[in-house]
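Please look over the sequence and the model below before reading on. The report that follows takes up individual residues first and then turns to the chain as a whole.

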Amino acid sequence: SELSSVTDLTGLDINKKGVDELKQKGFKMVCADAQEPYHIGNKFDTIISEENIEHTSNLKTYLNNVKNHLKKDGILILTTPNACAFEFFIHTLIFKRPRVNKYHTHIHTPDTIRYLLESNGFRLIHTEIVQAMNWRTLNLLGKIYYPLTFLIPKRFGRTIITVSKEQ
């Protein structure tokens, strides 16, 4: 498998307690705030930023940190919620207000995430929108909504996945 060739894997998180727990279990971890400049002395072939850029206020520094830690021709895989998701529209219809996550500083569409990446020195290679839902973790409204996800166009899916490289 592809993962069998992985020789070096490093995680980064701001939560010191979580980082220490993972280190005790043998994981290679760094405790740092991705919104502030940091240097861990390593460059990587791939950096995965999964569902965290929407929690980030300082996007320019965040993306500069990624560039500073990517090898030449390295790849950034980034995922974020899709502001155009059908479920957000349904929520607004039912509750007469948009769904708000108090921990998100912003939310993206495929166009805004492309603009963000390109204006910060990345070249977008691929974008995909998926309906990433786990039936076991859905609340009642989610379980009612879930069957509809098979009927709606893909562009209204829940999650944007991008693959990009530094320009």
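F156 sits in the loop that runs between α5 and β6 (159–166), where helices (H or I, at least four residues) and strands (E, at least two) are DSSP runs numbered from the N terminus. With a relative accessible area of 28%, F156 is partly exposed, on a scale where buried means under 20%, exposed over 50% and partly exposed in between (1.4 Å probe, protein chains only). Leaving aside neighbours within four places in sequence, F156 is in contact with N82, C84, A85, F86 and Q131, contact meaning heavy atoms within 4.5 Å.

## Basis of the model

This is a predicted model, in which local features need pLDDT of at least 70 and side-chain atom pairs count only at pLDDT 80 or more, while totals for chains, interfaces and linings use all residues. Residues are numbered from 1 along each chain as its sequence is written, and side-chain values use heavy atoms, with hydrogens and water left out.

## W135

W135 is found in the loop between β5 (122–130) and α5, and its relative accessible area of 42% makes this residue partly exposed. Not counting residues up to four places away in sequence, W135 touches K143 and Y146. The C-alpha atoms of W135 and A83, which are 52 residues apart along the chain, are separated by 21 Å.

## S49 in strand β3

S49 belongs to strand β3 (residues 44–50) and is buried, with a relative accessible area of 2%. The side chain of S49 makes polar contacts with the side chain of N52, at 2.6 Å, and with that of Y62, at 2.4 Å. A polar contact is a pair of N or O atoms within 3.5 Å; within protein, one must be able to donate a hydrogen and the other to accept it, and residues adjacent in sequence count only if both atoms are side-chain atoms. Beyond residues up to four places away in sequence, S49 touches Y62, L76, I77, L78 and T79.

At the start of helix α1 (residues 16–24), a side-chain oxygen of N15 comes within 3.0 Å of the backbone nitrogen of K17. Just after α1, G26 takes a positive phi of about 100 degrees.

In helix α3 (residues 86–95), the residues E87, F88, I90 and H91 are buried. They lie on the same side of α3 because they cover an arc of only 160 degrees around the axis, the arc being that of the directions from the helix axis to the C-beta atoms. The buried residues of α3 pack against α5 (140–145). K96, which follows α3, has a positive phi, near 60 degrees.

## The chain as a whole

The protein chain has five helices and six strands, and from the N terminus on its elements run β-α-β-β-α-β-α-α-β-α-β. Of its 167 residues, 34% count as buried, and the C-alpha trace spans about 50 × 35 × 35 Å along its principal axes. Among contacts between residues at least 6 apart in sequence, 73% join residues at least 24 apart.
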